[in-house]
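Biologist: Before we go through the strand pairings, please put the model up.

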Amino acid sequence: MTRIAYQGIPGAYSQLAAHELLPGARTVPMPDFTAVVRAVLRGSADFGILPVENTAIGAVIEAQSAVDREPGVEIIEELSFAVRHCLLALPGATLDAIRHVESHPAALAQCTRWLSARRLPPRPVADTAGAARSVAADRDFTRAAIASASAAETYGLAVLARDIGDAADNRTRFVLVRALRAEVAA
């Protein structure tokens, strides 16, 4: 079975993009973008998927740098993926009860106007789905996460608001990478 490494945990946008690109593949979670590239180079994943650019915030520098630093990988495909941010909280929580919102810095940056209009202070964390999992585990009705509707389902959270991104057509360009293959001598 084909294995695709991605940054984050189940429910992360990178995992959703991987499933869209290669529906039957097994996704392999990694703690950061560099680990995704290293998994491909070590052979513990056949491919890696990384978000390199977003229409709302521009380049995802850390992901692009992970690809650029490693001459042993090549980009073989790209995907423009629609990102629909949701505000997730414990079932029974209300928007009025939320005191702060957690997510990956890129997701927080994509929802700046929405958060500011509601005076909700952002708290950056490692990834969107990780924020959702943390909110679910903590059982604090004043915390919320910005993540995918899939993350809400995965971690048993309620969607308090949908499509909260600042841009109506928020898209992220993902690249699929693999290890460079040695040329076969003729």
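Biologist: Which residue in strand 11 is the bridge partner of glycine 48?

Modeller: Valine 177 is the partner of glycine 48. This is a predicted model, in which local features need pLDDT of at least 70, side-chain atom pairs count only at pLDDT 80 or more, and totals for chains, interfaces and linings use all residues. Residues are numbered from 1 along each chain as its sequence is written, and side-chain values use heavy atoms, with hydrogens and water left out.

Biologist: Why are strand 3 and strand 11 called paired?

Modeller: Pairing requires that DSSP finds at least two bridges between two strands. Strand 3 (residues 47-54) and strand 11 (residues 171-179) have six bridges, in the antiparallel sense, so they pair. Strands here are DSSP runs (E, at least two residues), and helices are runs of H or I of at least four, both numbered from the N terminus.

Biologist: What joins strand 5 to strand 11?

Modeller: Nine bridges join strand 5 (residues 73-82) to strand 11, running antiparallel. In strand 11, leucine 176 is the bridge partner of glutamate 77.

Biologist: What makes strand 8 and strand 10 edge strands?

Modeller: An open sheet has five strands in the order 8-7-9-6-10, with mixed pairing. Strand 8 (122-124) and strand 10 (158-162) each pair on one side only.

Biologist: How do strand 7 and strand 9 run, parallel or antiparallel?

Modeller: Strand 7 (residues 100-103) and strand 9 (residues 143-147) run parallel, joined by three bridges. Arginine 143 in strand 9 is the bridge partner of histidine 100.
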